[in-house]
Amino acid sequence: MSKQEFDVGAEAQFDVLPVLKKDRLYSFGKYTYVIVGFALATWCFMIGGSLAGFVGFKTAIIASIAGNMVAVLIMITATVVPAVRYGIDNYTIVGSFLGYNGTKALMVLLAVFQASWVIVFSFMVAKSVLAIASGFTGTEIDSRIILTILGLCAAGVVWFIAVKGPKLFDKLNMVFAPIIVILMVVMIVLVGKDYGFSVLMKAKAINPLDNNWLNFLIAFELSLGAGFSWWPNMGGLARLCKTERAAFWPNIIGLVFGATLGTAVGVAAALLIGTTDPTGWMIPIGGLFVGTLALIAVGMANLTAVAIVSYNICLGFKQWKSFFKMNWTKVTGLFMCIVFIGMFFAVELYNNFYIILGLACTVYSPIIAMQLIDFYVFRKQKLELRSLYNKTDTGSYCFWKGFNWVAIFVFLSGAVIYYLIMDPINVTYSPVFQYTTATGGATIYALIAYYVLGKLILFKKNKGGYGGQNNAGYHIHNRNGEAETNHNGNAEAL
Amino acid sequence: MGSQIEDIRAELHGRTGMSEEIEKDLFKRIAEIEECRSMIKPMTKVDLISGLAFALLLGVLPVVLVGLGIW
């Protein structure tokens with residue numbers, strides 16, 4: 001490979017240009033490491049703690065696998081398939097149904113959520129460092145100033161990893177993903193040994209409702225929400241996979257089975273020890289050596305995980321002209337400025353994080369539903385790359401000056417529908433919840449609403465290229481890998 | 001491929017928000033993808049059937065079994 005080709009490939013990793021086959025980094029195995037490491041971070045323990053509020057250990061695992069399986073399959077079908085097929089990131093893809101300005105509006109909202117994750121995880125790494133120091137010295141260290149300084153250092157490491165990008169994600173997770181999987185299994189065994197597996201299996205939920213079916217549904221709903229909430233992090237890395245299969249299945253392995261393993265540990269810790277914060281239970285359960293090792297591994301997984309979060313959101317920022325012209329270090333640096341400032345409020349954010357999580361839950365169902373309808377139903381799996389990169393009113397995907405008001409209406413009303421079915425912050429629900437769940441209800445609503453309104457308004461007004469899409473040359477291949485149309489629309493064998 | 005790139009350039013030049021140098025690279029990449037020269041291996045029917053089976057067996061069935069009180 002010549003130096004020039006190498007540089008072009010490296011550039012593509014940090015830009016929104018389509019990534020060609022020769023520039024792709026991830027095989028099935030490498031991407032599996034990346035996704036397993038990404039999934040097995042502290043979010044699993046937090047979700048596990050939430051599930052333990054409503055159901056016991058066995059039911060939590062059933063709900064976690066079922067909810068994540070359904071949600072992750074739907075989510076990756078909507079995001080990963082177009083991303084890997086065209087070599088483009090998710091934030092470029094959503095321009096096909098949100099419009100190029102609608103995408104930017106969504107980015108502002110997502111940037112708040114993603115920055116919050118980076119702050120909270122950096123803060124948790126800081127807490128881990130203090131827990132390890134306390135374990136070794138036997139002295140309780142609880143200083144906000146020290147926590148903030150350590151949190152800033154952790155955020156600095158996140159920035160470094162995000163700047164280095166996908167190649168470093170792969171290297172780090174090849175080391176830490178297997179270690180974490182082994183440590184999680186060891187942790188469950190140790191919990192079983194210390195407390196007894198029968199005690200774990202019989203442990204009652206912390207704060208259940210009277211109705212067991214509703215308890216299960218809430219656990220299922222939380223798992224659906226967790227599965228959908230990977231959405232902002234999809235596409236950016238999937239476009240670097242060498243085959244569709246290599247981009248698809250590792251998500252099932254990592255985001256469903258890997259995440260469920262971490263969730264199981266979180267549920268066990270919450271039920272038996274009463275905390276979901278790994279700094280509070282890893283050393284007491286694992287002892288100083290195993291506990292410290294586990295905290296270091298989880299800390300590294302957290303840093304890599306939020307570096308992947310930062311990488312994806314910063315790729316999205318490149319939708320803005322001013323960001324596009326900046327080099328990668330500056331783009332990520334600007335995002336990290338928000339994180340560094342937020343780190344001074346990390347304690348408050350950490351204590352009220354459930355509010356941000358709750359709000360985030362309402363956002364993803366309508367977006368994923370519209371992406372499915374747009375790509376599979378309206379566009380028959382054909383995207384016009386030229387229109388995706390055309391940021392003026394001359395492109396097919398400009399809708400109304402870059403805003404698709406139909407999609408924006410469905411998005412906002414979908415979020416309201418979710419909220420009406422279940423208030424994710426206070427966990428109150430309407431009677432509809434037990435038939436559809438909130439994520440299910442909002443998704444079904446958005447699927448139907450976008451389909452009907454799309455046909456009635458967008459197709460009739462010929463907006464977004466829906467009415468008379470130019471298919472010339474944009475359909476790459478059919479399911480058998482055969483070319484269906486070339487640029488002139490003629491059948492052509494590869 | 002040259003004419004393809006020219007065609008893309010005529011349609012997109014100055015409309016992408018990118019500098020001229022990056023636009024050139026973008027046009028080359030779009031042309032390669034449009035001409036199916038950068039095609040990646042798609043999923044097979046086995047993948048699709050397996051995905052559906054996973055969804056039904058590990059996604060839907062457990063909910064039904066819990067709902068019926070079997071689990």
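These questions and answers cover a helix crossing and a chain interface in a predicted model.

Biologist: How are the axes of helix α2 and helix α13 of chain A oriented: roughly parallel or roughly perpendicular?
Modeller: Helix α2 (residues 28–39) and helix α13 (residues 278–317) of chain A have axes that come within 8 Å. They cross at roughly 110°. Angles of 65 to 115 degrees count as roughly perpendicular. So α2(A) and α13(A) are roughly perpendicular.

Biologist: Which residues of α13(A) make the contact with α2(A)?
Modeller: On α2(A), the contact uses A:Val34, A:Gly37 and A:Phe38. By class, the contact holds six nonpolar residues, one polar and no charged. The α13(A) side is A:Ala301, A:Ala305, A:Ile308 and A:Val309.

Biologist: What area do chain A and chain B bury between them?
Modeller: Interface size is often given as the accessible area lost when the parts come together. Here 53 residues of chain A are in contact with 39 residues of chain B. Carbon and sulfur atoms carry 70% of the buried area. The total is about 4,300 Å².

Biologist: How many salt bridges are there between chain A and chain B?
Modeller: One of the pairs is A:Asp23 with B:Arg29. Their closest N and O atoms are 3.4 Å apart, and the cut-off is 4 Å. Residue pairs in polar contact between the chains number 11. The salt bridge count is five.

Biologist: Which element gives the most to the side of chain A that touches chain B?
Modeller: That side has 29 nonpolar, 12 polar and 12 charged residues. Elements giving two or more residues include α1 (3–13), α4 (57–86) and α12 (244–272) of chain A. With 10 residues, the top contributor is α4(A).

Key
Residues numbered from 1 in each chain as written. Chains lettered and ligands numbered in written order. Predicted model: local features only at pLDDT ≥ 70, side-chain atom pairs only at ≥ 80, totals over all residues. Heavy atoms only, no water. Axes fitted to C-alpha atoms, helices over the stretch in contact; angles between N-to-C directions. Helix = DSSP H or I, 4+ residues; strand = E, 2+ residues; numbered from the N terminus. Parallel < 35°, antiparallel > 145°, perpendicular 65-115°, else oblique. Contact = heavy atoms within 4.5 Å. Nonpolar A, V, L, I, M, F, W, Y, C, P; charged D, E, K, R; others polar. Buried area = accessible area lost by both parts, 1.4 Å probe. Salt bridge = Lys/Arg side-chain N within 4 Å of Asp/Glu carboxyl O. Polar contact = N/O pair within 3.5 Å; in protein donor to acceptor, adjacent residues only side chain to side chain.
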